[in-house]
Amino acid sequence: MASVIGASEAASRPSAVGFIKPERSEQFEEALKALENYKKKDPSKVVVRFKAVGNAPIMKQNFYKITSSNRFQAVIQFLRKELGWQAGEPLFTYINLSFSPAPDDTVANLFKACGTDGHLIVNYSTTQAWG
């Protein structure tokens, strides 16, 4: 059974009108500015050099400029498209022959940490090359 609220009961309940809006502090304003800067896409580009490892096919062009704010997942998808590989076919990627980056790493972070001679070197293989 549904109960009906009378006018006297509704009047006794607190309303949102009675709350005081807090003042914005300097820290709050700085946090908002930082959040806005984080949301902006970085228009700069990073030169990515693709190198085949093992029996992977060699690309005709191996230097590409990729937007630095892209996630590494976008690099993997781009590489798959260039090689003509489907999503189910194995593709292993490594940075500087040493480690496999997480797909959610940004290209900019990888370049800052592992850039070599102004390039981000991405090695790719059809089989697992390193642990």
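## A first look around this predicted model

The backbone oxygen of Gln86 lies 2.7 Å from a polar atom of the Arg80 side chain, a polar contact (a pair of N or O atoms within 3.5 Å; within protein, one must be able to donate a hydrogen and the other to accept it, and residues adjacent in sequence count only if both atoms are side-chain atoms). Before going on, please note that this is a predicted model, in which local features need pLDDT of at least 70, side-chain atom pairs count only at pLDDT 80 or more, and totals for chains, interfaces and linings use all residues. Residues are numbered from 1 along each chain as its sequence is written, and side-chain values use heavy atoms, with hydrogens and water left out.

Let us start with the overall layout. The protein chain has 4 helices and 4 strands, arranged along the sequence as α-α-β-β-α-β-α-β. Here helices (H or I, at least four residues) and strands (E, at least two) are DSSP runs, numbered from the N terminus. Of its 131 residues, 25% count as buried; buried means under 20% relative accessible area, exposed over 50%, and partly exposed in between (1.4 Å probe, protein chains only). Among contacts (heavy atoms within 4.5 Å) with a separation of 6 or more, 61% join residues 24 or more positions apart.

Back to Arg80, which sits in helix α3 (residues 72–83). Arg80 is buried yet has no salt bridge, and Glu89, the nearest side chain of opposite charge, is 5.6 Å away. A salt bridge would need a side-chain nitrogen of Lys or Arg within 4 Å of a carboxyl oxygen of Asp or Glu; for charge, Lys and Arg count as positive and Asp and Glu as negative, while His and the chain ends are not counted. Leaving aside neighbours within four places in sequence, Arg80 is in contact with Trp85, Gln86, Ala87, Glu89, Pro90 and Leu91.

In the largest nonpolar core, Phe50, Leu120 and Tyr124 touch the most other members out of 21 residues. The elements giving two or more residues to this core are β1 (45–52), β2, α3, α4 and β4, and the largest share, 5 residues, comes from α3.

Tyr124 is found in strand β4. A polar atom of the Tyr124 side chain lies 2.7 Å from the backbone oxygen of Pro57.

The structure also holds 3 aromatic pairs. Rings of Phe, Tyr and Trp (its six-membered ring) pair if their centres lie within 6.5 Å; planes under 30 degrees apart count as stacked, over 60 as edge-to-face and the rest as tilted. The rings of Tyr64 and Phe78 have centres 4.8 Å apart and planes at 75°, so this pair is edge-to-face. Tyr64 in strand β2 (residues 63–67) and Phe78 in helix α3 are 14 residues apart. Together with Phe50, these two form one aromatic cluster.

| Residue | Relative accessible area | Class |
|---|---|---|
| Tyr124 | 0% | buried |
| Tyr64 | 14% | buried |
| Asn96 | 26% | partly exposed |
| Asp117 | 71% | exposed |

Most residues other than glycine have a negative phi. Asn96, in the loop between β3 (92–95) and α4 (107–114), has a positive phi of about 50° although it is not a glycine. Asp117, in the loop between α4 and β4 (119–125), also has a positive phi of about 50°.

Terms used:
Core = buried A, V, L, I, M, F, W, Y, C linked by side-chain atoms within 4.5 Å.
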